[in-house]
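Open the structure in your viewer and have the selection panel ready. The tour goes one chain at a time.

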Amino acid sequence: MEYAVNLFFILSGYRVQGRSPIFASDQVIKNMVDPLPQAIVSTAIVIGLSLTLLLVAIAIRIYEKYGTFDITRINKLKG
Amino acid sequence: MNLIPFFVIIPLAAAFFIPLVGKRIKRSGDIVSVLATISLSVLSIFMASLIAVQKVLVYNVIRGAVPIGISMVVDGLSVFMLVIVNSIAFLVALYSTGYIKKYTDTWKFYTLFMLMVAGMNGVLISGDLFNMYVALEIAAIAGYSLVAFGIDAEELEAAFKYAVMGAVGSSFMLLGIALLYSYTATLNMADMAAVIASEAGASKIILFVSALFLMGFGLKAALVPFHAWLPDAHSSAPTPISAMLSGLLIKVLGIYALSRIFFNIFGMTPQVSTILIGLAVISMILAGILAFGQYDMKRLLAYSSISQIGYIALGLGVGTPLAIMGALFHLFNHSIAKSLLFLNAGAIERSTGTRDLRQMPGILARSPVIGYTNLIGTISICGIPPLGGFWSKIIIIFACIQADRPILAFIAIAVSILTLGYYFKAVTPILFGSKALHSCNMGKKITVTMAIPMVVLAILSIIGVLLLLPNTGRAFLGDAIIVLGRGAIR
């Protein structure tokens with residue numbers, strides 16, 4: 001789901017036949033891709049990665065405690 | 001010199017400094033985090049005095065690039081929240097120095113704690129939507145790992161649940177931000193509000209984005225259909241973190257972000273207002289009823305948090321200036337009283353060895369400090385007069401009547417009776433229980449650093465009423481109301 005959102009964000013800044021938005025004094029930029037979504041998505045990817053790592057770490061610890069990944073048996077919290 | 005960035009710089013610097021020295025010097029985490037949070041709370045009170053005169057302060061990270069650069073904005077509402085967050089964070093840090101000794105590697109705790117404070121301050125001062133999202137994720141991820149800090153089976157399970165649900169909520173937020181960016185071509189909140197205001201009528205995309213944000217931030221605020229993570233996370237986390245989560249995190253990440261977006265960017269519409277009121281009413285009633293069935297003290301407090309968040313959302317949903325005032329004042333009272341009660345629950349657990357209401361040995365005779373502070377917090381949340389909770393609830397109820405919605409007023413009154421009921425159920429065994437003390441924990445006293453924050457919070461919840469008096473606190477609360485009132489339905 002995260003990847004879908006990231007892809008959507010990138011595409012929202014895309015232009016057909018666009019070029020990379022590198023600024024130089026001897027060039028006239030006419031049709032450039034919007035750079036902001038790319039910067040934002042790279043941040044979002046880092047956030048997503050850290051979250052995934054945290055989830056995996058917690059999942060490994062859960063397996064140590066419960067001996068299973070079966071969510072019907074991981075049920076110490078109720079109510 | 002501009003002081004705004006220091007709200008993020010100080011806690012981040014502390015978070016990086018603590019692991020450097022934490023392994024070698026044993027108590028460094030305690031000292032650094034207490035110093036950092038006390039300087040933050042002094043800074044936030046100083047900032048409040050600045051804002052009372054200047055109303056809005058803006059800091060641009062890159063000078064001279066105003067529409068493009070990153071901006072940090074502090075106005076009446078943010079400074080109101082900044083003062084609450086930083087002063088409670090200081091008291092919780094002070095409490096942690098006594099409480100956290102039972103864990104190994106306390107420096108990791110303080111690092112994550114300071115990251116959480118940095119994230120919350122970042123949410124409050126950021127002037128553009130994506131920075132707000134990043135700061136929100138910092139606070140949330142620090143929160144996920146802090147819930148799992150004790151690595152017991154329950155804590156891990158709660159943290160996993162919280163992290164998965166939080167990740168889903170964040171995805172909704174990011175999609176909403178992407179859609180808004182492609183619609184308005186800006187991320188700066190003020191520019192965004194101007195672009196949206198210049199379009200005639202609420203377009204369909206704004207409605208869709210509103211739905212996404214209601215899901216995302218509603219999940220962080222734990223309004224009822226999205227509340228499943230809260231009772232687990234708040235009852236399993238180490239006690240100082242429960243106090244932070246319940247007293248601050250759900251309000252900053254949920255209520256503050258929600259109101260900032262809906263009042264100040266979109267402008268409140270009747271549809272959103274109706275949905276918000278609906279969610280609020282369900283939260284108030286359902287969580288109030290569920291709290292009745294709880295025998296774990298912290299779990300009962302967690303359900304009560306959902307119910308009280310419902311009150312705040314109700315006030316925001318009704319949206320008249322009086323209702324907003326009630327909501328913000330209730331937010332203030334609830335932050336203080338709920339942090340107090342959670343810190344208290346930790347102290348009770350420490351000195352009696354149990355959190356189960358059916359096995360309470362009665363704390364009032366054993367430790368009057370814990371007993372009386374607990375009583376004051378409970379009275380404030382239940383809404384028994386002279387304390388703050390009573391005034392904020394009655395303002396919300398009057399606002400509902402004034403807005404010609406007597407049914408909402410009736411529900412608010414009914415839920416406050418419900419609240420009184422389940423707190424009465426909790427407070428009787430806590431104060432006067434007669435079960436035998438658990439032999440394993442006999443005689444463990446709370447330390448002075450644990451007692452001071454509880455006493456200070458109890459005093460604050462008594463004198464919090466002063467915020468309503470003209471001249472003293474009115475300016476502080478009033479600026480925040482004006483900021484939100486700009487976006488209310490006209």
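**Stop one: chain B**

Select chain B and switch to a cartoon view: there are 18 helices and 2 strands. The radius of gyration of chain B is 21 Å, close to the 23 Å from the globule rule for 490 residues, so chain B is as compact as a globular protein of that length. Keep in mind that this is a predicted model.

Along the principal axes, they fill a box of roughly 70 × 55 × 45 Å.

Next, what share of the 490 residues in chain B is buried? Buried residues make up 64% of them. Look also at the contacts in chain B with a separation of 6 or more: 80% of these come from residues 24 or more positions apart.

Then select the charges of chain B, 30 positive and 17 negative. The mean position of the positive charges and that of the negative charges lie 7 Å apart.

**Stop two: chain A**

Hide chain B and select chain A. How many helices and strands does chain A have? The cartoon has 2 helices and 0 strands.

Chain A has 79 residues, and 27% of them count as buried. For contacts in chain A between residues at least 6 apart in sequence, 29% join residues at least 24 apart.

Methods. Residues are numbered from 1 along each chain as its sequence is written. Chains are lettered from A and ligands numbered from 1 in the order in which they are written. This is a predicted model: local features need pLDDT of at least 70, side-chain atom pairs count only at pLDDT 80 or more; totals for chains, interfaces and linings use all residues. Side-chain values use heavy atoms; hydrogens and water are left out. Helices (H or I, at least four residues) and strands (E, at least two) are DSSP runs, numbered from the N terminus. The radius of gyration is taken over C-alpha atoms; the globule rule is 2.2 Å times the number of residues to the power 0.38. Buried means under 20% relative accessible area, exposed over 50%, partly exposed in between (1.4 Å probe, protein chains only). Contact means heavy atoms within 4.5 Å. Lys and Arg count as positive and Asp and Glu as negative; His and the chain ends are not counted. The place of a charge is taken as NZ of Lys, CZ of Arg, CG of Asp or CD of Glu.
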